[in-house]
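Please open the model in your viewer and keep the selection tool at hand.

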Amino acid sequence: MFSKKMEKALNDQINAELFSSYLYLSMAAYFTRKNLPGFAHWMNIQSQEENAHGMIFFNFVNERGGNIELQAIEKPAFEWNGPIEVFEEVLKHEQKVTSLINNLVNIAIEEKDHATNNKLQWFIAEQVEEEANATEILEQLKIVEGKGQGLLLLDRELKTRIFVNPITQAV
Ligand code: FEO
């Protein structure tokens with residue numbers, strides 16, 4: 001069992017992860033419209049990963065005997081001005097998620113909630129990877145100026161991404 005403050009913060013995080021899933025799904029649809037199937041595939045997997053992140057928190061709150069209160073998911077953006085702008089938003093969004101996770105750890109420490117703190121450590125490491133992946137793709141897009149043959153090559157590369165379910169890793 002955890003404190004009301006921790007419970008509320010974890011419920012908010014479920015919403016933040018599900019919003020991330022929604023945002024990346026919207027980006028997947030954008031790339032499909034732009035005939036970039038590799039980017040769309042990458043975003044679809046990213047969306048699935050975020051859904052799984054939400055479910056890790058969902059399962060954890062249930063496991064600890066807490067109350068889940070699902071909230072409305074905000075409408076994500078629909079249109080972007082090219083792939084560079086999309087990945088600038090991905091990086092900015094992941095940096096925001098990192099600060100949310102850090103804040104959860106702060107609350108867990110304040111509340112002396114060692115079990116939640118322990119669970120959150122997986123997310124701390126995951127966010128390092130999330131920011132690194134977004135930065136790498138953004139920087140490569142900048143090299144090819146987000147267009148031409150370079151963009152098509154990157155699209156082929158992103159199509160090879162394989163979904164690894166975080167739920168099996170984070171336990
Ligand atoms: Fe669930 Fe991309 O952070």
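**Stop one: a helix contact**

Select F39, W42, Q46, E49, E50, H53, I56, F57 and F60 in helix 2; they meet A115, T116, K119, L120, W122, F123, E126, E130, I137 and L141 in helix 4. Contact means heavy atoms within 4.5 Å, and helices are DSSP runs (H or I, at least four residues) numbered from the N terminus. By class, this contact of helix 2 with helix 4 has eleven nonpolar, three polar and five charged residues. Ala, Val, Leu, Ile, Met, Phe, Trp, Tyr, Cys and Pro count as nonpolar, Asp, Glu, Lys and Arg as charged, and the others, Gly among them, as polar.

The model is predicted: local features need pLDDT of at least 70 and side-chain atom pairs 80 or more, while totals for chains, interfaces and linings use all residues. Residues are numbered from 1 along each chain, and side-chain values use heavy atoms, without hydrogens and water.

Next, display residues 37-63 (helix 2) and 114-143 (helix 4), which pack at about 170°. Helix 2 and helix 4 are therefore roughly antiparallel (angles over 145 degrees, on a scale from 0 to 180 between N-to-C directions).

**Stop two: the largest pocket**

Now select W42, E49, E129, N133 and R161, the closest to the centre of the largest pocket among its 18 lining residues. A pocket is an open set of points on a 1 Å grid where a 1.4 Å probe fits, with protein on both sides within 12 Å along at least five of seven lines; lining residues have an atom within 4 Å of a point. Helix 4 gives the largest share of this lining, seven residues.

Terms used
Helices (H or I, at least four residues) and strands (E, at least two) are DSSP runs, numbered from the N terminus. Angles under 35 degrees count as roughly parallel, over 145 as roughly antiparallel, 65 to 115 as roughly perpendicular and the rest as oblique.
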